[in-house]
Amino acid sequence: MDADIIVIGASPAGMMAARNAFLKGANVILIDKKARLGHPPHPANTFFKGMFDKTGEKISKEYIIKELKGAHIVAPSGEEVIIETPGYILNRTKFDEYYEKKLRNTGLNLLMGIEAYNVLKTDNIFSVSTSSGVLHSKIVIVSDGINSKIAGLLGLKTMKYPNDIGWAMEADVEANGIGESDMFEYYVGSVAPGWKSTYSPRGGDSATLGVYVRRHGTDVSKFFDAWVEKFKRIKGLDEIKIIQRYVGGDPIVSIPNQIVADGIMITGGAAGHSGIGYSMRAGQICGDVAAEAVEKGDVSAKTLSEYKKQWNREFRTEYYLGRIALETLRKMTDSEINKLMETFKTQDLSFLHGSSFDKAMQVFLFMLKKNPTSLLSYRALFRNK
Ligand SMILES: Cc1cc2nc3c(=O)[nH]c(=O)nc-3n(C[C@H](O)[C@H](O)[C@H](O)COP(=O)(O)OP(=O)(O)OC[C@H]3O[C@@H](n4cnc5c(N)ncnc54)[C@H](O)[C@@H]3O)c2cc1C
């Protein structure tokens with residue numbers, strides 16, 4: 001046996017799973033096929049405080065490029081809903097290196113430049129075949145990202161709605177003063193067919209523009225090019241220079257499904273956990289449960305399903321409410337979105353508090369009071385689209 005637990009993929013979730021399991025006493029090996037973490041950087045480079053606080057981790061200036069005051073949600077009419085909440089633009093390479101250093105300081109065995117090819121089980125021992133030979137363990141944690149090859153080989157349907165992955169193209173761009181704003185912007189409706197377009201200011205002349213598209217295939221470059229043109233018109237910019245493009249998938253509405261089997265746990269994008277903060281928290285739960293199972297000497301699916309139960313307690317309602325909201329938005333017409341936004345325009349939403357369900361109820365009551373007919377916009381959810 002090489003380790004109690006082998007973690008495949010040093011994604012944010014994988015790093016947290018490995019660290020938590022190791023700190024709880026398990027013998028852990030974390031492998032990643034990249035030669036160096038953060039090289040090339042993952043495109044995910046923004047988070048909001050509320051989301052990251054779920055991890056219990058401190059935010060460090062070491063990897064922050066710019067602090068944001070919040071986000072604007074922009075309707076096709078140009079009306080905006082303003083959400084004031086601290087946000088952070090990351091240097092993603094430095095973020096990954098920060099966590100790599102923290103992990104190495106614990107004494108955890110992190111092996112870079114090793115790719116897992118397959119996972120086989122014989123007599124309750126896993127053999128992970130890799131580019132550097134075969135490694136053996138009692139548990140395998142799979143955190144190899146949204147296109148998880150290993151979860152596929154294991155025959156697991158890790159997401160309930162895999163067809164709803166948001167396929168994305170983002171690019172670092174440059175233009176005069178484009179990075180100076182301190183608000184993130186989400187655009188919805190026809191400017192972002194299928195889901196959303198984003199603008200993320202990085203300071204000075206630098207920003208990130210992105211499109212996230214669902215149900216239009218994985219090549220979303222046409223949507224991206226259209227977004228850049230539209231953005232130029234909105235901001236009155238003559239020229240935007242594309243520095244570097246990134247592509248990938250975001251599983252935000254895919255909903256985690258089969259994320260545990262005998263001796264196997266899936267976490268992060270591979271499990272339909274979306275966003276840096278949410279993925280990290282899922283990884284923490286995963287690592288804690290894995291270490292407890294090793295200590296008990298029982299790595300059955302029944303024992304490991306405590307991971308799914310805990311995740312359900314913390315996030316299930318929020319993920320389902322998010323899915324309902326984003327599906328409704330995807331199916332709404334521009335004029336329905338404009339009307340809905342009108343209800344929230346100039347409204348300070350800081351009164352929202354409590355659990356995600358409580359917040360959804362508060363939004364419902366607010367709409368009922370301010371503009372009851374706006375609730376009709378939710379009919380869109382039942383459209384066959
Ligand atoms: C374009 C884009 C922008 C996004 N922006 C944001 C954002 O700003 N903020 C946010 O919170 N979320 C963002 N997201 C969502 C975010 O990507 C994910 O939720 C989050 O980063 C989770 O990462 P992951 O689990 O998918 O794994 P990844 O970060 O993709 O990590 C997987 C790791 O596994 C390794 N690996 C893969 N296969 C193997 C193998 N066989 N053997 C060994 N190692 C392997 C890879 O090298 C990699 O290091 C964005 C998504 C996309 C597509």
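These legends walk through several close-up views of one predicted model. Residues are numbered from 1 along each chain, as its sequence is written. Because the model is predicted, local features need pLDDT of at least 70 and side-chain atom pairs count only at pLDDT 80 or more, while totals for chains, interfaces and linings use all residues.

**View 1. The ligand sits between two domains.**
Domain 1 (3–43 + 93–161 + 254–319) and domain 2 (64–90 + 166–250) both hand residues to the shell around the ligand, so the ligand lies between them. The domain bounds come from an automatic or database domain assignment. Of the 37 residues around the ligand, Gly 9, Ser 11, Gly 248, Gly 268 and Gly 269 come nearest; a residue gets into this group if its C-beta atom, placed from the backbone, lies within 6 Å of the molecule. By type, the shell splits into 14 nonpolar, 15 polar and 8 charged residues. Here Ala, Val, Leu, Ile, Met, Phe, Trp, Tyr, Cys and Pro count as nonpolar, Asp, Glu, Lys and Arg as charged, and the others, Gly among them, as polar.

Helices (H or I, at least four residues) and strands (E, at least two) are DSSP runs, numbered from the N terminus. At least two shell residues each come from α1 (12–23), β2 (28–32), β3, α4 (149–153), β10 (166–174), β14 and α6. The largest share, 4 residues, is supplied by β14.

**View 2. An open sheet of 8 strands.**
Follow the strands across and the order reads β3-β5-β4-β11-β12-β13-β10-β14, with mixed pairing. Two strands pair if DSSP finds at least two bridges between them. At the edges stand β3 (46–48) and β14 (241–250), each with a single partner strand, so one side of each has no neighbour in the sheet. From one strand to the next, the twist averages 25 degrees, using axes that are lines fitted to C-alpha atoms, for helices over the stretch in contact, and angles that run from 0 to 180 degrees between N-to-C directions.

**View 3. Pairings around β4 and β5.**
Strands β4 and β5 pair in the antiparallel sense over 9 bridges, and Gly 70 stands opposite Glu 84 in β5. Their hairpin has 5 residues between the strands, and in it Gly 78 takes a positive phi near 100 degrees. Strand β5 (residues 80–90) also pairs with β3, again in the antiparallel sense, over 3 bridges; there, Thr 46 has Ile 89 as its bridge partner. Strand β4 (residues 64–74) pairs with strand β11 (residues 183–188) in the parallel sense over 5 bridges, and Val 74 meets Tyr 187 as its bridge partner in β11.

**View 4. Strand β1 and its two parallel pairings.**
Strand β1 (residues 3–8) is mostly covered, with 6 of its 6 residues buried. A residue is buried if 20 or more other C-beta atoms lie within 10 Å of its own, exposed if 12 or fewer, and partly exposed in between, with C-beta atoms placed from the backbone. With strand β9 (residues 133–142), β1 pairs in the parallel sense over 5 bridges, and Val 7 has Ile 141 as its partner. Another 4 bridges join β1 to β2, also running parallel, and Ile 5 stands opposite Val 28 in β2.

**View 5. Helix α6 and the glycine that follows.**
Helix α6 (residues 276–296) has 21 residues and reaches 30 Å from its first C-alpha to its last, close to the 30 Å expected at 1.5 Å a residue; that expected span is 1.5 Å times one less than the number of residues. Of its 21 residues, 17 are buried, so α6 is largely enclosed by the rest of the structure. Just after α6, Gly 297 takes a positive phi of about 75 degrees.

In the loop between β2 and β3 you'll find Pro 40, and the peptide bond from His 39 to Pro 40 is cis, with omega near -5 degrees. Arg 215 lies in the loop between β13 (206–213) and α5 (221–235). Although Arg 215 is not a glycine, its phi is positive, at about 65 degrees. Ile 255, in the loop between β14 and β15 (260–261), isn't a glycine either, yet has a positive phi of about 60 degrees. Ile 255 is partly exposed, with 18 other C-beta atoms within 10 Å.
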